[in-house]
Amino acid sequence: MGTMSHLHTDPPRAWTDEDGPVPPDSWGRDLSPGRALPWGFMLVIVLLVVGRFALAPHLTSAALRTWATIFVAICVQALPFLVFGVALSAAITAFVPASFWTRALPGRPSVAVPVAGMAGAVLPGCECASVPVASGLMARGVTPAAALAFLLASPAINPIVLVATAVAFPGQPLMVAARFGASLTVAVLVGWLWLRFGRSEWLRIPSRPHDGGSKLVAFGEAMRHDLLHAGGFLIVGGLAAATLNVLVPREWLTAVAAIPWLAVLVMALLAVLLSICSEADAFVAASMTAFSPTAKLAFLVVGPMVDLKLIALQAGTFGRAFAVRFVPLTFALAVLVSALCGWLLL
């Protein structure tokens with residue numbers, strides 16, 4: 001017992017070597033050489049060899065080549081517009097003063113709504129950026145209806161999106177005009193309806209943010225965040241579009257496309273599910289060759305205003321009570337206005 005009373009262990013001490021790039025080897029590390037890495041490398045080699053002989057005959061089918069061609073074409077065409085649009089959106093977020101918005105918008109709310117909607121035509125922004133921008137506008141005293149009009153219009157009618165639409169639909173200038181007119185109409189109508197019927201308890205206006213830090217750092221963070229998110233959704237949309245074109249029987253698409261109202265509704269729902277960035281959605285819509293121009297227009301109008309990621313962002317920022325009213329209203333108006341514009345122009 002006397003001997004045991006002298007045996008003790010020192011209490012664990014925090015690692016205090018601030019100059020060292022990593023903790024010392026004795027802190028939670030296995031000092032014995034690891035053997036998992038060589039075996040893991042060998043496993044990868046075996047899988048590559050087996051895949052080369054087992055899968056290669058199946059990877060040369062005509063359907064897979066068509067799928068790969070469609071997917072790569074969509075991504076290659078859309079990527080430059082996506083990067084440019086995200087860069088402009090990040091620059092506006094980082095360098096445009098918050099006070100600019102309160103000075104630029106009219107004091108009368110009913111007039112501020114269409115002005116805010118038109119501001120989306122000259123101030124690019126993707127869907128991911130539109131929600132925090134609208135949140136900042138409300139926090140700085142802009143009427144919520146005008147901020148919501150900008151939220152809907154900015155990712156749908158900005159110059160990057162319109163140029164991308166023109167490239168995706170060559171020789172079809174009416175598609176660009178229809179997208180601009182339908183999207184702006186929906187944004188203004190939603191703003192006016194919210195101004196007339198909206199209630200303050202339905203909308204959780206965030207507190208005024210505190211500006212600080214380097215603008216260059218803010219620009220880099222905003223661009224990195226938006227590019228990673230938008231790029232991921234672009235890949236998912238490209239995969240889905242290529243898969244639909246290859247796997248879904250052509251007669252199925254023809255049957256759906258032959259019913260005008262059903263084709264419009266299917267494309268609108270597809271826009272919600274795919275959640276593609278507005279700088280790239282025109283290329284995905286153009287690949288849906290079985291559908292009518294009106295159905296494609298519904299895809300282009302609904303997507304930047306209502307999709308899964310936007311619903312989550314809006315509910316988290318403005319509250320669930322806002323989302324359950326704003327999302328159905330926007331979706332219904334987007335479908336109706338796009339169908340009407342498509343019938344008149346396309």
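## Helix H5 against helix H9

Axes here are lines fitted to C-alpha atoms, for helices over the stretch in contact, and angles run from 0 to 180 degrees between N-to-C directions. In this predicted model, helix H5, residues 109–119, packs against helix H9, residues 173–197, at an angle of about 150 degrees. The two axes lie 9 Å apart. Angles over 145 degrees count as roughly antiparallel, and H5 and H9 are therefore roughly antiparallel to each other. The crossing of H5 past H9 is right-handed.

On the H5 side, the contact is formed by Pro109, Ser110, Val113, Pro114, Gly117 and Met118. Their counterparts in H9 are Phe180, Leu184, Val188, Gly191, Trp192 and Leu195. Sorted by class, this contact of H5 with H9 holds nine nonpolar residues, three polar residues and no charged residues.

## Helix H12 against helix H14

Helix H12 spans residues 260–274 and helix H14 spans residues 293–302. Their axes come within 8 Å and cross at roughly 30 degrees. Because angles under 35 degrees count as roughly parallel, H12 is roughly parallel to H14. H12 and H14 make a right-handed crossing.

H12 contributes Ala263, Val264, Met267, Ala268, Leu270, Ala271, Val272 and Leu274 to the contact. From H14, the residues that meet them are Thr294, Ala295, Lys296, Ala298, Phe299 and Val302. The class division for the contact of H12 with H14 is 12 nonpolar, one polar and one charged.

Definitions and conventions
Residues are numbered from 1 along each chain as its sequence is written. This is a predicted model: local features need pLDDT of at least 70, side-chain atom pairs count only at pLDDT 80 or more; totals for chains, interfaces and linings use all residues. Side-chain values use heavy atoms; hydrogens and water are left out. Helices (H or I, at least four residues) and strands (E, at least two) are DSSP runs, numbered from the N terminus. Angles under 35 degrees count as roughly parallel, over 145 as roughly antiparallel, 65 to 115 as roughly perpendicular and the rest as oblique. A crossing is left-handed if the near helix is turned anticlockwise from the far one by less than a right angle, and right-handed if clockwise. Contact means heavy atoms within 4.5 Å. Ala, Val, Leu, Ile, Met, Phe, Trp, Tyr, Cys and Pro count as nonpolar, Asp, Glu, Lys and Arg as charged, and the others, Gly among them, as polar.
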